[in-house]
Amino acid sequence: MTFIDTHTHLNDDVYSDYGIDMVQKAIDAGVEFMILPGTSLTELESMKALAARYPEHIRMFAGLHPTELTSDVDGALDVIRKELDTPDLPYVGVGEIGIDLHEASFSIEKQMYAFDAQCRMAIDRKLPINIHCRDGLEQTLEVLRGLPEIPNGAFHCFGGTPRDVERIREVGDFYFGINGIVTFKNSGLRETLPSIGLDRIILETDSPYLSPVPFRGKLNDSSYIPLIAQTIAQTLGVTLETVAQITTSSARKLYSI
């Protein structure tokens, strides 16, 4: 039984040696692949270093997070384009990109501009997108509707309602990244899972954040993916093996792993 963590910041400096020990811990727990999301230009070096150390287990996204946009957005976007076009780097998508009105509502125009530009990078390169959407679903869908085509992709850290799922599907057939939030007692996410369907769920931790129960409030890491999968299995009335098989197959298909 193997799993894929489709969104984990194991290169974060909260980990000793930028996640080297955490990668091996996840492999030992059955997590075959881990995808490192790009959020800023400053982390590119640590991402690539970790990927080079574990080429059989690490893949990456390149992108600018909506709360990490610099004053020179166009210059930063040019760097992301060059990264995506650099041969032999294991980029499998454009992300973590999107809209965040919880922490950065003041920069909504800049966020929408950067999100649109990065979606177009993905379309041009036939890559999927990994979407960060926090308190900004309307603006996220507005950008997506304005694109020449809808790219494949996933809504990372999804915690919305069945109606949110419906609104997203009116725009495109996206996957939904489910993480430790699903284990929280009062999250409401378990009630949304049937609306998503197991065939459109992919697993993630968003490490070092959002540790699942019983580790909530502690440092998260990719080895906790089976705990998330177990809660999904119990909620949907299927076996853990079924969740592992279907979510791993979906992640492989979406990110060409």
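This briefing describes the pockets and the salt bridges of the structure shown above. The model is a predicted one, and the values given here were computed from it. The largest pocket has a volume of about 850 Å³, while the second largest pocket has a volume of about 230 Å³. The count of salt bridges comes to 11, and several of them are described below.

**The largest pocket**

- The lining of the largest pocket is made up of 34 residues, and those that lie nearest its centre are H65, E96, H132, R134 and H156.
- Two or more residues of this lining come from each of the elements β4 (91-100), β5 (129-134) and α6 (162-169), with β5 giving the largest share, four residues.
- Sorted by class, the lining of the largest pocket holds 11 nonpolar, 12 polar and 11 charged residues.

**The second largest pocket**

- Around the second largest pocket there are 14 lining residues, of which A122, K126, L127, P128 and N152 lie nearest its centre.
- Helices α4 (108-125) and α9 (240-255) each supply at least two residues of this lining, and the largest share, three residues, comes from α9.
- By class, the lining of the second largest pocket has nine nonpolar residues, together with two polar and three charged ones.

- The side chains of K25 and D221 form a salt bridge, with a distance of 2.9 Å from N to O. Because K25 belongs to helix α1 (residues 20-28) and D221 to the loop between β8 (201-203) and α8 (225-236), this pair ties together parts that are 196 residues apart in sequence.
- Of these two partners, K25 is partly exposed, with a relative accessible area of 34%, whereas D221 counts as buried at 2% relative accessibility.
- R252 and E32 also form a salt bridge, and their closest N and O atoms are 2.9 Å apart. R252 lies in helix α9 and E32 in strand β2 (residues 31-36), so the pair ties together parts that are 220 residues apart in sequence.
- R252 counts as partly exposed at 29% relative accessibility, and E32 is likewise partly exposed, with a relative accessible area of 25%.

- D78 and R81 meet through their side chains in a salt bridge of 2.8 Å, N to O. The two residues are three apart in helix α3 (residues 73-84), which means that about one helical turn separates them.
- D78 counts as partly exposed at 39% relative accessibility, and R81 counts as partly exposed at 29%.
- R163, E166 and E170 are joined in a network of salt bridges.

Key:
Residues numbered from 1 in each chain as written. Predicted model: local features only at pLDDT ≥ 70, side-chain atom pairs only at ≥ 80, totals over all residues. Heavy atoms only, no water. 1 Å grid on protein atoms, 1.4 Å probe; cavity = no way out; pocket = protein on both sides within 12 Å on 5 of 7 lines; lining within 4 Å. Points joined across faces, edges and corners; volume = space filled by probe spheres on them. Nonpolar A, V, L, I, M, F, W, Y, C, P; charged D, E, K, R; others polar. Salt bridge = Lys/Arg side-chain N within 4 Å of Asp/Glu carboxyl O. Buried < 20%, exposed > 50% of the residue type's maximum accessible area, 1.4 Å probe, protein only.
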